[in-house]
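The following exercises ask the reader to describe a protein model step by step. Please keep the sequence and the structure in view while working through them.

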Amino acid sequence: MTGARGVQWLLLLPSLLLLALLLGLPLAAMLANSLQPNVLLSFTGPALDNYGYLLSRSYYLQVILRTLRMAAVTTLVTIPLGYIAAMLLRRLSGRAGNLAIMGLTFPILAGPLTVVLGWMALLANGGPFLGPLVAAGLIGPPNLLGSETGVVISLVQFVLPFAVLTLYTGLRQIQPQLHEAARSLGAGSLSGFLHVTLPLSLPSALSASIIVFSLAASSFISPHYLGGAGQLTLTTLVTQFIMATFNAELAAAAAGLLLLLMLAAVIGITAAIGRFIRP
Amino acid sequence: MPELILSHVTRRFSGHTAVDDFSLTVRDGEFVCLLGPSGCGKTTTLRIIAGFERADAGRLTLDGADITHAPPQQRDIGLVFQSYALFPHKTVAENIGFGLKMRGRPRAAIAAAVEEALALVRLEGLGGRYPRALSGGQQQRVALARALAIRPRLLLMDEPLSNLDAQLREEMRNEIRRIQKSLGITAVLVTHDQAEALAMADRIAVMAKGRLQQMADPATIYEAPATAFVSGFIGQANVLEGRVESTGAEAVLALPGGVTLAGRGDGLAAGAATRAMVKHERMALCRAEPAQLANRFPCQVAERTYLGGSIAYRCEAAGMTLTALLPNHPLFESFAPGDTAWIGWAATDCAFFPC
């Protein structure tokens with residue numbers, strides 16, 4: 001037995017090493033870099049001054065807050081939408097269900113850049129959808145391009161398939177008879193969902209929330225093209241530090257902050273949803 | 001009066017008719033078993049009664065009220081699932097109290113009802129456990145208690161005992177019957193197990209291919225089957241095919257080998273292809289000629305199968321292969337393969353059914 005287990009660890013070793021090498025090393029290098037002096041600040045030896053600099057200026061605090069707000073709103077909008085889609089998906093029979101899953105994953109296949117370019121056209125005040133409405137005087141110019149709302153709309157679209165697939169997998173593990181049992185005991189569709197389906201699917205809702213929040217907080221393409229310089233997030237801020245101000249140390253510190261905030265968010269989400277998960 | 005009436009209920013799925021013009025009346029306080037082989041439509045019938053399947057045609061009434069189109073949550077029908085379907089995230093007490101909670105009963109009333117239901121199924125003190133911490137038999141009891149806690153007008157059970165081991169199954173048979181009688185509740189149980197149906201039911205409805213074959217008390221189902229299907233499905237029978245020679249109170253059937261059999265049957269026509277069926281345990285096998293039996297033939301014992309409580313003999317007689325089941329008791333003669341003997345059966349035990 002012990003020998004067999006030893007062999008198992010041995011077999012696992014290459015992938016662990018690869019992971020340490022490909023993920024751990026660059027992360028470590030980035031974090032090390034974030035502790036180095038930069039052109040704006042004069043300090044000697046590794047210190048947290050870069051972080052202090054970012055955290056002491058209200059402009060950067062706003063960027064951090066915006067990043068968290070966008071990710072949180074995206075999560076709060078996506079999870080309910082994901083539930084609806086996953087529950088509809090579960091009712092579909094074999095072939096229809098497969099087709100629906102294929103359709104759902106198409107945006108992932110197409111790649112985020114392609115889809116975001118589409119959103120740029122669509123969300124423009126003179127775009128093919130909003131343009132006629134504005135021209136007809138039905139709505140005022142919505143000015144979605146360059147707004148937080150525009151970014152969130154495209155983020156929701158980007159992360160939705162991940163949420164649906166995660167929730168769908170979770171919902172499929174719930175015995176259909178449980179819902180029928182609830183109904184036979186007098187629960188309508190809504191109370192059946194609230195008392196049976198929802199609590200039993202919480203573990204997958206937790207996974208989906210973590211995935212969605214992380215994807216939204218770390219996304220670059222949507223805030224870059226749809227938010228622009230007026231709606232900087234931590235990812236676009238990192239790019240500005242690298243490309244515009246050539247400040248690699250501050251860029252590393254901003255990225256480090258993003259990493260820390262995402263870790264904190266994962267812990268927060270797990271604590272918030274995990275309280276409701278029963279054995 | 002909680003009386004359930006199904007009239008001409010039909011349910012078609014793409015390609016086949018699962019329930020075909022099915023009519024059934026379950027009287028107040030009666031225990032009815034729907035019995036049939038898998039795929040006979042018994043579970044679909046149960047799901048139609050519960051409201052999880054719609055009836056394409058026909059009508060259901062419960063207590064005189066039409067429930068054909070009522071959603072399941074408004075039918076007040078307690079349902080016990082084959083898989084029990086206990087809520088894994090709720091304690092035993094929460095499971096049992098769920099139906100009352102959905103009905104908006106006050107907390108104290110629910111707690112009292114849960115205690116009462118736990119006592120009814122003899123699980124006092126286990127209310128705080130989660131279903132996974134219970135044995136299969138205990139889970140079964142919780143499922144029953146949960147269905148009964150809402151004081152349903154009708155109790156439905158879908159193969160409730162099929163996941164239990166043999167000994168526990170017999171115990172739960174008596175337990176379910178005891179509880180049903182003590183509450184006086186009208187109940188319908190679906191099963192493919194004839195022993196279960198015979199032991200538990202006031203009346204049995206035998207189904208095949210979506211149709212009702214016979215509805216009667218267990219003894220009638222067993223002793224006087226209405227159709228060849230019921231005769232072959234309940235118990236084990238010798239089946240012989242021939243043509244009717246004469247009809248009447250005692251009909252005569254001629255087999256291809258020239259042998260004739262005396263028996264009884266309805267709707268027989270002279271010359272029509274007909275099947276004779278005799279239950280294995282109604283066959284006599286003895287060394288002396290059984291003169292009192294209308295059907296008797298000299299035979300040779302071909303095979304002996306020891307079954308513990310009884311012994312099955314496969315015999316060859318006048319071109320027929322017949323099985324006789326004799327009690328394993330000193331009063332009955334014992335035979336070995338190769339022995340010659342007499343095999344016989346009474347005309348009243350020989351049922352003729354038109355093919």
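**Exercise 1. How many cavities of 30 Å³ or more does the count give?**

Solution. The model is predicted: local features need pLDDT of at least 70 and side-chain atom pairs count only at pLDDT 80 or more, while totals for chains, interfaces and linings use all residues. Residues are numbered from 1 along each chain as its sequence is written, chains are lettered from A and ligands numbered from 1 in the order in which they are written, and side-chain values use heavy atoms, with hydrogens and water left out.

Step 1. On a 1 Å grid over the protein atoms alone, a cavity is a set of points where a 1.4 Å probe fits but cannot get out; a pocket is an open set with protein on both sides within 12 Å along at least five of seven lines; lining residues have an atom within 4 Å of a point. Grid points are joined across faces, edges and corners, and a volume is the space filled by probe spheres set on the points.

Step 2. By this rule there is 1 cavity of 30 Å³ or more, and the largest cavity holds about 30 Å³.

Step 3. Its lining consists of Thr67(A), Met70(A), Val151(A), Leu155(A), Ala216(A), Ser219(A), Pro223(A) and Thr233(A). Helix 3 and helix 7 (148-172) of chain A each give two or more residues to this lining.

Step 4. Classes are assigned as follows: Ala, Val, Leu, Ile, Met, Phe, Trp, Tyr, Cys and Pro are nonpolar, Asp, Glu, Lys and Arg are charged, and the others, Gly among them, are polar. The cavity lining then has 5 nonpolar, 3 polar and no charged residues.

**Exercise 2. Describe the largest pocket and its lining.**

Solution. Step 1. The space in the largest pocket is about 520 Å³. Of its 15 lining residues, Met87(A), Arg90(A), Arg91(A), His179(A) and Thr197(A) are the closest to the centre.

Step 2. Helices (H or I, at least four residues) and strands (E, at least two) are DSSP runs, numbered from the N terminus. Chain A has 12 helices and 0 strands. The largest share of the pocket lining, 5 residues, is given by helix 9 of chain A.

Step 3. By class, the pocket lining has 8 nonpolar, 4 polar and 3 charged residues.

**Exercise 3. At what angle do helix 11 and helix 12 of chain A pack?**

Solution. Step 1. Axes are lines fitted to C-alpha atoms, for helices over the stretch in contact, and angles run from 0 to 180 degrees between N-to-C directions. Helix 11 (residues 234-243) and helix 12 (residues 248-274) of chain A pack at about 165°, and their axes are 8 Å apart.

Step 2. Angles under 35 degrees count as roughly parallel, over 145 as roughly antiparallel, 65 to 115 as roughly perpendicular and the rest as oblique. Helix 11 of chain A is therefore roughly antiparallel to helix 12 of chain A.

Step 3. Contact means heavy atoms within 4.5 Å. Among the residues of helix 11 of chain A that meet helix 12 of chain A are Leu234(A) and Phe241(A). This contact has 11 nonpolar, 1 polar and no charged residues.

**Exercise 4. Describe the packing of helix 3 against helix 11 of chain A.**

Solution. Step 1. The angle between helix 3 and helix 11 of chain A is about 140°, with the axes 9 Å apart. These two helices of chain A, helix 3 and helix 11, are therefore oblique to each other.

Step 2. Tyr60(A), Val63(A), Ile64(A) and Thr67(A) of helix 3 of chain A make the contact with Leu234(A), Leu237(A) and Phe241(A) of helix 11 of chain A.
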